[in-house]
Amino acid sequence: MYASFIASVLEQSTPLILAALAAMITLRANILNVAVEGMMLVSAFCAIAVGSFTGSALAGFSAGVFGSIITSLIFSIITLRFGAGFIVAGLGINLLAAGGTLFVLERWYNSPGGLRPLNFPEIWHVPDGSLSFLPFLGSVLEGQSIIVLLTFLAVPICWIFLYRTPTGSYLRAVGEDEYAARSAGISVIKMKALAVTLSGLLSGLAGAQLAMDKLHFFLPNMTSGRGFIGLAATLFGAGYPWATSAAAILFGFFGALGDRLQAFDIPSQFVLMLPYLVAIFALTFARWRIYNRNKPAKL
């Protein structure tokens, strides 16, 4: 029972962790990236559309990641090349992703309610019984997708990139003080473009996990605010990889708990709003922490 619940927490936390890391990378470059939601949605659609057309899980997975990266490049061009505001451009990307996927569903698939292929290739999962030699952890990991395992690697890789590589140091320098970074010879535009591209890569993994793991179909707006919850986890974790990931797991925990509460006589509306309610409290706490940190000391 406990193992199945922890497995559900991992499954629900994976897209949130990836979305949070995507927002965290750009936040360290002083970009508040609200376009993660749209990037995830494009990834989910491309993964299902290409996967069902080719009959290849690898092709679908690759298309999802590639579609998200292309969306991130569009976001970079709009903001870094033409000077649009990051928040306005991010909201525009989200609207474009929502409207664009719905348009394609109506135009090409004649199915505005979603894309539900009759046969869809199965992405690789940890085989049942393969980890039976691990008493508890084996039951948790068996049945998890390859993207869950990649997420375990993504967190330390992001930490190593930001704090143990010169490029990561340059990116953080740009986020802390653009003028000082520019005077030191760091290309601010290149570092911000790199951050947005990495954000697109992580968002692509999140969208592919959401669509290909268990569902095997695409629904309009199926991300359901997970990109914004990831952003809330980033702010709650103060932009640090481990704390951000822990916050995303916390949101995933309440999401899995909400699924379990459906078995009891609890209003479904409360169950559905539980993860978002936790996100609101997290944002409130993050704002309170910033206020206390910046509050002038009493004389």
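A salt bridge is a pairing in which a side-chain nitrogen of Lys or Arg lies within 4 Å of a carboxyl oxygen of Asp or Glu. Side chains of opposite charge can pair in this way when their charged atoms come close. Keep that in mind as we walk through this predicted model, in which local features need pLDDT of at least 70 and side-chain atom pairs count only at pLDDT 80 or more, while totals for chains, interfaces and linings use all residues. Residues are numbered from 1 along each chain as its sequence is written, and side-chain values use heavy atoms, with hydrogens and water left out.

Let us begin with the charged pairs. How many salt bridges does a search of the whole structure find? The search finds three. In one of them, Lys214 pairs with Glu11, and their closest N and O atoms are 3.7 Å apart. This pair links distant parts of the chain: Lys214 sits in the loop between α9 (188-212) and α10, while Glu11 belongs to helix α1 (residues 2-27), 203 residues apart. The helices named here are DSSP runs of H or I with at least four residues, numbered from the N terminus.

Next, ask how open these residues are. A residue is called buried when its relative accessible area is under 20%, exposed when it is over 50%, and partly exposed in between (1.4 Å probe, protein chains only). Lys214 has 45% relative accessibility, so this residue counts as partly exposed. Glu11 is partly exposed too, with a relative accessible area of 28%. Lys214 also meets the side chain of Asp213 in a salt bridge, at 3.4 Å from N to O. Asp213, with a relative accessible area of 3%, is buried.

Another salt bridge joins Lys192 to Glu178, with the closest N and O atoms 2.4 Å apart. Lys192 is part of helix α9 and Glu178 part of helix α8 (residues 178-183), so the pair ties together parts that are 14 residues apart in sequence. Is Lys192 buried or exposed? At 6% relative accessibility, Lys192 counts as buried, whereas Glu178, at 22%, counts as partly exposed.

Now look at how two helices meet. Two packed helices are described by the angle between their axes and the distance between the axes. Axes here are lines fitted to C-alpha atoms, for helices over the stretch in contact, and angles run from 0 to 180 degrees between N-to-C directions. The axes of helix α6 (residues 146-164) and helix α7 (residues 166-176) come within 5 Å and cross at roughly 75°. The two helices are therefore roughly perpendicular to each other, a label for angles of 65 to 115 degrees. On the α6 side, Phe161, Leu162, Tyr163 and Arg164 take part, and they meet Pro166, Thr167, Gly168, Ser169, Leu171 and Arg172 of α7. Contact means heavy atoms within 4.5 Å. The residues of this contact divide into five nonpolar, three polar and two charged. In this count, Ala, Val, Leu, Ile, Met, Phe, Trp, Tyr, Cys and Pro are nonpolar, Asp, Glu, Lys and Arg are charged, and the others, Gly among them, are polar.

From here we can turn to the interior. A nonpolar core is a set of buried Ala, Val, Leu, Ile, Met, Phe, Trp, Tyr and Cys residues joined through side-chain atoms within 4.5 Å. The largest one has 63 residues, and those touching the most other members are Leu21, Ile25, Phe61, Leu202, Met212, Phe218 and Phe251. Not counting residues up to four places away in sequence, Phe61 touches Ile123, Ile147, Leu150, Leu205, Ala208 and Met212. Apart from this core lies another, of seven residues, including Ala35, Phe75, Ala89 and Ile93.

Helix α3 (residues 57-81) holds Leu58, and Ser72 lies in helix α3 as well. Leu58 counts as exposed, at 60% relative accessibility, while Ser72 is buried, at 0%. Beyond residues up to four places away in sequence, Ser72 touches Met39, Val196, Thr197 and Gly200.

Finally, visit two loops. Asn30 has a positive phi of about 65° although it is not a glycine, and Asn30 lies in the loop between α1 and α2 (36-54). Ala238, in the loop between α10 and α11 (241-261), also has a positive phi, near 60°. Asn30 is partly exposed at 45%, and Ala238 is partly exposed at 35%.

Notes
Angles under 35 degrees count as roughly parallel, over 145 as roughly antiparallel, 65 to 115 as roughly perpendicular and the rest as oblique.
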